[in-house]
Amino acid sequence: MQSYYGVSDPDGTWNENQSNAFNSLISLAKGQRDIVQAGEACLYERSKEVEEADIASTEVQELVSEMLRIVKGRGVGLAAPQIGVKKRIFVMEDTEEGMSDESEEERERKKRYPFKAKVVINPVLIPIGDASAAFMEGCLSVQGYRALVRRHLKVKLKGVAPDGKPIDVDLTGWPARIAQHEMDHLNGVLYVDRMEKRTLRRVDKVNAPVPTEKHDEFGACASVGETATGGSYLSNKSAIAGAEDIETLTKKSKNRRRR
Ligand code: ZN
């Protein structure tokens, strides 16, 4: 069982062992790529599934370790297209240091707790319930800005770990937000595509209040925090495109085994 909020570990595939293995991988990372910024074509295109047989390849293992190295100390998540690689892989990690500028109260509100680095290959996100949360979000590929983004409060995350083991966990709060943000990257979506557009602000204004007055043209802004509804944006099929892909992949690997 995980020590941080909202993450179950039913089959031991989402545990600390992953992180220990990564620490040695990180030291092997060669790392020449860096994070691409909004405007770069790869951020707007759909990334491709990693073939099951390629997961153990040096190319994929090195890519994963490079992503872990790059994200460390810079953000809470990184998707492969953000370093110019159109593969369906993302990493996520949240540390005590990373959230040190937030009060206990703020962390509680966001359900944000530290967790060790996780890698998900060919992820699939399935929303759980209708509850949503709107909080300020940023992106390593849109540097210097924040905006209010509504996300599902809870999601089921499935995928494959770099050691080939299946991942199947339920996430709540900030980890669920990170997974949704990174999943979007794999589908060529940036948070600015989903943001409450009148809440975009420079990062140094992150705590400034969002407009409360209903605008004639744009209507009212969402209010910050959790609500029992509003999580329906993922009912758009393209947002959960991974769901179909993993079925295809599973079928493919079954076929392969049959042969
Ligand atoms: Zn991002």
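## Close-up views of a predicted protein model

Residues 24 or more positions apart account for 72% of the contacts in the protein chain with a separation of 6 or more, where a contact means heavy atoms within 4.5 Å. This is a predicted model, in which local features need pLDDT of at least 70, side-chain atom pairs count only at pLDDT 80 or more, and totals for chains, interfaces and linings use all residues. Residues are numbered from 1 along each chain as its sequence is written, and side-chain values use heavy atoms, with hydrogens and water left out.

**View 1. The whole chain comes before the details.** The protein chain holds 6 helices and 9 strands. Both are DSSP runs numbered from the N terminus: helices are H or I with at least four residues, and strands are E with at least two. Of its 259 residues, 47% count as buried; buried means under 20% relative accessible area, exposed over 50%, and partly exposed in between, with a 1.4 Å probe and protein chains only. The chain's accessible surface comes to about 12,800 Å², and carbon and sulfur atoms own 50% of that. Such areas come from the Shrake-Rupley method with a 1.4 Å probe, and for residues only the protein chains shown count as cover.

View 2. Strands of a sheet pair through backbone hydrogen bonds, either parallel or antiparallel. Here the order is β8-β5-β4-β9, and the pairing is antiparallel. At the edges sit β8 (201–202) and β9 (225–230), each of which pairs on one side only. Two strands pair if DSSP finds at least two bridges between them; β4 and β5 pair over 6 bridges. To find your place in this pair, look for alanine 134, which stands opposite arginine 150 in β5.

**View 3. Strand β6 has partners in β3 and β7.** Strand β6 (residues 154–160) pairs with β3 in the antiparallel sense over 5 bridges. One spot to look for is proline 127, whose bridge partner in β6 is valine 155. With β7 (residues 166–172), β6 pairs in the antiparallel sense over 7 bridges. Lysine 156 has aspartate 170 in β7 as its bridge partner. The hairpin of β6 and β7 has 5 residues between the strands, and glycine 164 takes a positive phi near 90° there.

**View 4. Two residues other than glycine have a positive phi.** Which residue in the loop between α3 and β3 is worth a look? It is lysine 111, with a positive phi of about 55° although it is not a glycine. Lysine 111 is buried, because its relative accessible area is 15%. Asparagine 122 lies in strand β3 and has a positive phi near 50°. This asparagine 122 also counts as buried, because its relative accessible area is 5%.

**View 5. Alanine 176 sits in helix α4.** Is alanine 176 buried or exposed? Alanine 176, placed in helix α4, counts as buried because its relative accessibility is 0%. Leaving aside neighbours within four places in sequence, alanine 176 is in contact with His152, Leu153, Val155 and Leu171. Leucine 153 is 23 residues away from alanine 176 along the chain, yet their C-alpha atoms are separated by 6.6 Å.

**View 6. One cavity is found inside the model.** Rolling a probe the size of a water molecule over the atoms shows where empty space is left. On a 1 Å grid over the protein atoms alone, a cavity is a set of points where a 1.4 Å probe fits but cannot get out; a pocket is an open set with protein on both sides within 12 Å along at least five of seven lines; and lining residues have an atom within 4 Å of a point. Grid points are joined across faces, edges and corners, and a volume is the space filled by probe spheres set on the points. The count is 1 cavity of 30 Å³ or more, and about 60 Å³ of space lies in the largest cavity. Its lining includes Lys111, Phe135, His152, Trp174 and Glu226. Two or more lining residues come from each of α3 (104–110), β4 (131–137), β5 (145–152) and α4 (174–186).

**View 7. The largest pocket is an open space.** How many residues line the largest pocket, whose volume is about 1,100 Å³? The lining has 41 residues, and the closest to the centre are Glu102, Arg112, Gly138, Arg146 and Trp174. The largest share of this lining, 5 residues, comes from α4.
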